[in-house]
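Hi,

Here is the structure I promised to pass on to you. My notes on its charged side-chain pairs follow below.

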Amino acid sequence: MKIGERIRCLREKQALSQDAFADRLHVTRQTVSNWENGKSCPDAEMLLRISEEFQISLDELLKEQKPVPEECKVEKKPSVRRGAIRLVLVLVVLAAIAAGLAFHVGNQKTMSVLFSMEQDKTYERPETENSVLDVAEGKFLLPKDGKVRILAAGETDDGILHIRIVDEDDDVCYQLDGQTLEDSQEIVLNQGSYHIQITADGYSEQVVSLHYDVSVSNK
């Protein structure tokens, strides 16, 4: 059973609506819906919050299981410590992969052939008191002039998401804007250094959840 299905079963076992479940976790109903439909997954911090709020072990949330009965019974819980160890191991493996493929918020990673960045994020006050959210920034190097393939997707439950690629002179080479984003195309870029900037604005809610997934390849 996938994590989204486990979250749905946990919510239904607690007799909570998606709105009530979202309020307990300080996220939006759309975020909970995305988890349950497999469109996105909670990050490590949110998994810990779910574990603590509903007294379910991390091991129970993370491990793959065979289908369970319709009543979604929760089996005997392994200890939180055991679940935490499993989570650490999973994160170590993911970090090793990310070191070669991905860039996460607040850091920069230079890559010559392949660059990608992906994350789910929920913002609350005081961050949402700002008119613009600086979601992420990444950097990649293109070793020679030529075509690069851009795959971009994203969505936010409130406001507008912006994905831009700018060159060393801050000229915009690529831009995608909207509440729901999806694009796949090839563009010609000159040899050099490029920045990917992801921002959000135009939101009115106190809690804003969003997801983005961007990759650039010259293969």
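**Salt bridges**

E124 and R49 form a salt bridge, with their closest N and O atoms 3.9 Å apart; the term means a side-chain nitrogen of Lys or Arg within 4 Å of a carboxyl oxygen of Asp or Glu. E124 sits in the loop between strand 1 (114-123) and strand 2 (132-142), and R49 in helix 4 (residues 44-54), so this pair ties together parts 75 residues apart in sequence. Helices (H or I, at least four residues) and strands (E, at least two) are DSSP runs, numbered from the N terminus.

Please keep in mind that this is a predicted model, where local features need pLDDT of at least 70 and side-chain atom pairs count only at pLDDT 80 or more, while totals for chains, interfaces and linings use all residues. Residues are numbered from 1 along each chain as its sequence is written, and side-chain values use heavy atoms, with hydrogens and water left out.

By the salt-bridge rule, the count comes to four. Another of them joins R11 and E36, at 2.6 Å from N to O. This pair also links distant parts of the chain, 25 residues apart: R11 is in helix 1 and E36 in helix 3 (residues 29-36). R11 is buried, at 10% relative accessible area, and E36 is buried at 13%. Here buried means under 20% relative accessible area, exposed over 50%, and partly exposed in between (1.4 Å probe, protein chains only).

Within helix 1 (residues 3-13), E12 and R8 are four residues apart, about one helical turn, and their side chains meet in a salt bridge of 3.2 Å, N to O. E12 is partly exposed at 41%, as is R8 at 29%.

Best wishes
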